[in-house]
Amino acid sequence: MHASAWRSFGGALATAIVLGLGAAGAHAELPRGGAANLAMVGEPQGLDPMVSTADLVGTIMQHVYEPLYTFDANWSVAPMLAEGMPVVSKDGLTYGIAIRKGVKLHSGRDLNADDVVASLQRWMELSPRGKSVGKEVASLTAKGPLGVELKLRNPYAPLLAQLALPSGMAAIMAKESIAPQLKEFVGTGPYKFKERRPDQFTVLTRFEGYSARKEAPSGYAGRREALLDELRFVPVPNANTRVEGSLSGQFQYADLLPVEAIGRIEKGAPAVVPIVTKNFGFPYIVFNTKEGVLTSQPLRRAVQTAVGQGELMAAGFGDNRFFVVEPNFFPKGTPYYAAAGTNVYNTRNPQAAKEAAAKAGYNGQPIRIMASRQYEFHYNMALVMSEQLKKAGFKTDLQVVDWATLVQRRNDPKLWDVYFTHSGLFPEPMLSPPQLGDDAPGWWDSTAKKSTLQAFNQQTDAAKRGALWGAVQQTVYDEVPFIEVGKFNGLSARSARLEGYTPAIWPFFWNTGLAK
């Protein structure tokens with residue numbers, strides 16, 4: 001999609017759903033120095049932002065690595081390491097990308113086109129979203145020291161958005177640091193990697209040689225400045241401990257707090273400030289279509305019939321200021337609003353589910369449900385779903401593990417049947433969930449998936465893509481690779497001393513200072 005189409009489309013979507021990504025204000029007066037303790041939901045299972053689609057990894061490593069493009073406050077694509085928007089050929093197949101001159105890597109040398117090509121090749125080999133993009137790419141070559149040319153096999157509308165997302169990031173890294181398993185984290189970001197002690201902290205320090213953009217900050221785009229000396233990402237798996245730590249001043253920021261804690265956070269004023277991120281995202285339930293009892297599509301449909309999303313959302317979020325129960329993947333008023341398939345949403349019909357399961361040959365095998373208490377709402381939903389399935393005659397085996405273990409286990413199709421997760425809500429449907437791409441846990445692969453997504457992705461006219469999304473949504477409801485539960489707002493908290501912070505789905509701490 002050309003820049004102008006992106007801008008109008010991103011703007012339309014952001015206006016309609018008020019996505020949680022504010023514009024940062026001027027920060028000339030913000031304090032410099034100090035270290036911020038940032039309480040995260042758990043231990044990242046690694047620090048490679050390509051290999052992992054976990055938000056936690058993207059949140060930390062977006063400070064170390066940068067992409068060619070990013071999103072501004074309206075969720076429009078904006079250049080980051082690229083000089084500007086790409087030059088796209090008339091047939092929509094060739095993208096010429098100029099790289100900013102004089103951008104320093106953490107190793108001290110200048111970034112060049114070879115680093116970009118090597119990084120994107122690695123992304124297309126290792127990242128679930130990168131792999132799906134790789135299938136669309138005919139060639140990727142350096143054109144001189146600061147130019148890259150990317151040729152597509154067919155027009156591919158989501159390309160720039162795919163290159164911009166912090167999760168499963170198309171991170172640009174120093175060519176010499178690239179390896180199947182990263183041992184050094186050499187990027188261009190405002191912070192550089194210093195130290196990681198598992199289960200204690202990951203520490204990033206200011207990169208004095210950082211090359212900032214000139215534009216005003218807007219969302220993830222524009223000028224980034226490392227005002228803090230040090231960012232300390234601390235794994236705090238217990239949600240109540242995150243609440244207590246923010247109230248006591250131990251943490252300057254605490255991520256994803258249970259929504260029932262909002263009253264306590266508000267009482268902590270003026271020292272503590274609650275952060276409500278609107279339309280933060282959607283919880284969804286992934287099914288294993290590759291191995292185990294739920295490889296049977298009729299059986300997945302039976303499970304879908306047993307599930308009541310309204311009950312799940314109420315269990316997960318309690319306070320109805322924080323959630324919406326609706327079947328459409330995108331809200332009304334946005335280009336991708338569709339009603340297709342929604343008649344099977346929130347059915348909660350145990351008798352019909354039991355009959356459908358018997359017809360599908362179900363004979364009492366336990367359905368293994370994985371969830372983590374680090375995201376308390378995942379766990380609360382999993383408890384309720386387990387009961388809903390039991391009422392429909394299913395046996396369930398609820399496995400509660402820490403988030404890092406879940407992320408590891410979900411890669412092995414022998415270990416689970418269902419797991420709970422969530423994703424941010426973005427203006428480009430192909431950005432999430434990863435199951436729309438290739439090889440993501442769940443391993444959904446079908447003729448209908450391929451044909452509906454191909455039609456959708458090759459259409460670069462935003463107005464026409466809207467109608468084609470309905471066919472994709474219908475296929476998801478028909479084949480049940482995952483169940484979308486609803487939409488929710490996120491609750492986090494910051495210390496009043498943490499100044500200049502901009503609420504965002506992947507919290508970032510550049511342009512943020514700490515008052516003495």
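Residues are numbered from 1 along each chain as its sequence is written. In this predicted model local features need pLDDT of at least 70, side-chain atom pairs count only at pLDDT 80 or more, and totals for chains, interfaces and linings use all residues, while side-chain values use heavy atoms, with hydrogens and water left out.

**Helix α14**

Select residues 462-479, helix α14 (a DSSP run of H or I, at least four residues; strands are E runs of at least two, and both are numbered from the N terminus). At 1.5 Å times one less than its number of residues, this 18-residue helix should span 26 Å, and its end C-alpha atoms are 26 Å apart, which agrees.

Next, select Asp461, which caps the N-terminal end of α14 with a side-chain oxygen 2.9 Å from the backbone nitrogen of Ala463. Just after the helix, Val480 has a positive phi of about 50°.

**Largest pocket**

Move to Gln45, Asp48, Val51, Ser52 and Asn411, the closest to the centre of the largest pocket among its 24 lining residues. Both α4 (128-134) and α12 (403-409) give two or more residues to this lining.

**Second largest pocket**

Now select Lys135, Glu136, Asp438, Lys449 and Lys450, which lie nearest the centre of the second largest pocket, lined by 19 residues. Here α13 supplies the largest share of the lining, 6 residues.

For both, a pocket is an open set of points on a 1 Å grid over the protein atoms alone, where a 1.4 Å probe fits, with protein on both sides within 12 Å along at least five of seven lines; lining residues have an atom within 4 Å of a point.

Definitions and conventions. A polar contact is a pair of N or O atoms within 3.5 Å; within protein, one must be able to donate a hydrogen and the other to accept it, and residues adjacent in sequence count only if both atoms are side-chain atoms.
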